[in-house]
Amino acid sequence: MTETVLDVRGISKRFGGLQALSDVGIKITRGQVYGLIGPNGAGKTTFFNVITGLYTPDSGSFELGGKPYQPTAVHEVARAGIARTFQNIRLFAEMTALENVMVGRHVRTHSGVLGAMFRTSGFKAEEEAIAKRAQELLDYVGIGKYADYKARTLSYGDQRRLEIARALATDPQLIALDEPAAGMNATEKVLLRELIDRIRKDDRTILLIEHDVKLVMGLCDRVTVLDYGKQIAEGTPADVQKNEKVIEAYLGTGGH
Ligand SMILES: Nc1ncnc2c1ncn2[C@@H]1O[C@H](COP(=O)(O)OP(=O)(O)OP(=O)(O)O)[C@@H](O)[C@H]1O
């Protein structure tokens, strides 16, 4: 039986006079790469921000791993099992790549982030294991040799990989990637695609917002298309690509 990881129902969100999301729902099952696409201003980021606790929806409900889920603060979302990356990379620029991943890992340890900051004895005992795991994750995303480099010195593509390693460090039920290919060149995109494929094969579940429709169509098992806050199509990439409303949303307005 397919196991539902995230079940989102009837999400609406209004900003003043603007209905940014109207009754949007998605269901993501384990091992899927689920894509969220739509022209500029369609509501993708708002949806992401709602499920990761940055915005409170006006209505709607969620289940994560079969349990009711009420996303509030961002750190609670990480503990509940959703890890995200950001459209605008958010790394600790002056920390090394290894340290950035270790911070992600502390979400899952007993001493936690405060223990890490104050270097309690419990923290020291855990530190070695955390560093080892962080190095494994850097190797996994293909930037192991840069473990000791400051995050800000890495190339754009490698910084995005580092963000993914940090997200994986929390052992998430769902990893949410916000435009991971933004600003990447063609070679970096190919490598990103391979990485996402690999993460999926390792039985992770991924929600992907992406402007690069080609990448989404090639990678995703299912796709939801938003337009002006409404869900205009849901299905496999092949179905969605044929959908008239989708063609009109993208072509009719020149992508808005
Ligand atoms: N915090 C906010 N306050 C007011 N309006 C907002 C806020 N966040 C988003 N909006 C509006 O909601 C609508 C949806 O925006 P959103 O950023 O979710 O779209 P998007 O699909 O992610 O677009 P893009 O592809 O350009 O990132 C837009 O009209 C936007 O201006």
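## The antiparallel sheet

Four strands make up an open sheet, ordered β2-β1-β4-β5, with antiparallel pairing. At its edges stand β2 and β5 (67-68), each with a single partner strand, so one side of each is left without a neighbour in the sheet. Helices (H or I, at least four residues) and strands (E, at least two) here are DSSP runs, numbered from the N terminus, and two strands pair if DSSP finds at least two bridges between them. Please keep in mind that this is a predicted model: local features need pLDDT of at least 70, side-chain atom pairs count only at pLDDT 80 or more, and totals for chains, interfaces and linings use all residues. Residue numbers start from 1 along each chain as its sequence is written.

Let us walk across the sheet. β1 and β2 are joined in the antiparallel sense by 8 bridges, and valine 8 stands opposite isoleucine 26 in β2. On to β4 (residues 59-64): β1 runs antiparallel to this strand, with 5 bridges between them, and leucine 6 has leucine 64 of β4 as its bridge partner. β4 and β5 then pair over 2 bridges, again antiparallel, with glutamate 63 partnered by proline 68 in β5. These two strands form a hairpin with 2 residues between them, and glycine 65 in the turn has a positive phi of about 60°.

## Two residues to look at

Isoleucine 26 lies in strand β2. This residue counts as partly exposed because it has 19 C-beta neighbours inside 10 Å; the scheme calls a residue buried if 20 or more other C-beta atoms lie within 10 Å of its own, exposed if 12 or fewer, and partly exposed in between, with C-beta atoms placed from the backbone. Setting aside neighbours within four places in sequence, isoleucine 26 is in contact with Val8, Tyr34 and Thr224, where contact requires C-beta atoms, placed from the backbone, to lie within 7 Å. Between the C-alpha atoms of isoleucine 26 and alanine 80, which are 54 residues apart along the chain, the separation is 18 Å.

Glutamate 3 sits in the segment before β1 (4-15). Glutamate 3 is exposed because 11 other C-beta atoms lie within 10 Å. Not counting residues up to four places away in sequence, glutamate 3 touches Thr29 and Arg30. Its C-alpha atom is separated by 9.0 Å from that of glycine 31, 28 residues apart along the chain.

## Around the ligand

The shell around the ligand consists of Phe15, Leu18, Ala20, Gly38, Asn40, Gly41, Ala42, Gly43, Lys44, Thr45 and Thr46; a residue is near a molecule if its C-beta atom, placed from the backbone, lies within 6 Å of it. Both β2 (18-29) and α1 (44-51) supply at least two residues of this shell, and α1 gives the most, with 3 residues.

Sorted by class, the shell has 4 nonpolar, 6 polar and 1 charged residues. Here Ala, Val, Leu, Ile, Met, Phe, Trp, Tyr, Cys and Pro count as nonpolar, Asp, Glu, Lys and Arg as charged, and the others, Gly among them, as polar.

Strand β7 (residues 174-178) is mostly covered, with 5 of its 5 residues buried. Leu174, Ala176 and Asp178 point one way from β7, while Ile175 and Leu177 point the other way, and all are buried. In a regular strand the side chains alternate between the two faces of the sheet.

β7 has parallel pairings with two strands: strand β6 (residues 82-84) over 3 bridges and strand β8 (residues 206-209) over 4 bridges. Isoleucine 82 has leucine 174 in β7 as its bridge partner, and leucine 177 has leucine 208 in β8. From β7 the chain crosses through helix α7 (residues 186-201) to β8, and this β-α-β crossover is right-handed, meaning that, with the strands pointing away from the viewer, the path from the first strand over the helix to the second runs clockwise.

## Domains and the whole chain

The domain assignment gives domain 1 (1-81 + 172-256) and domain 2 (93-171), with bounds that come from an automatic or database assignment. Where they meet, 9 residues of domain 1 are in contact with 12 residues of domain 2. On the domain 1 side, α2 (74-80) and α7 each supply at least two residues, and the classes there are 6 nonpolar, 1 polar and 2 charged.

Stepping back, the protein has 10 helices and 10 strands. Buried residues make up 40% of its 256 residues. Among contacts between residues at least 6 apart in sequence, 66% join residues at least 24 apart.

Conventions:
Contact = placed C-beta atoms within 7 Å.
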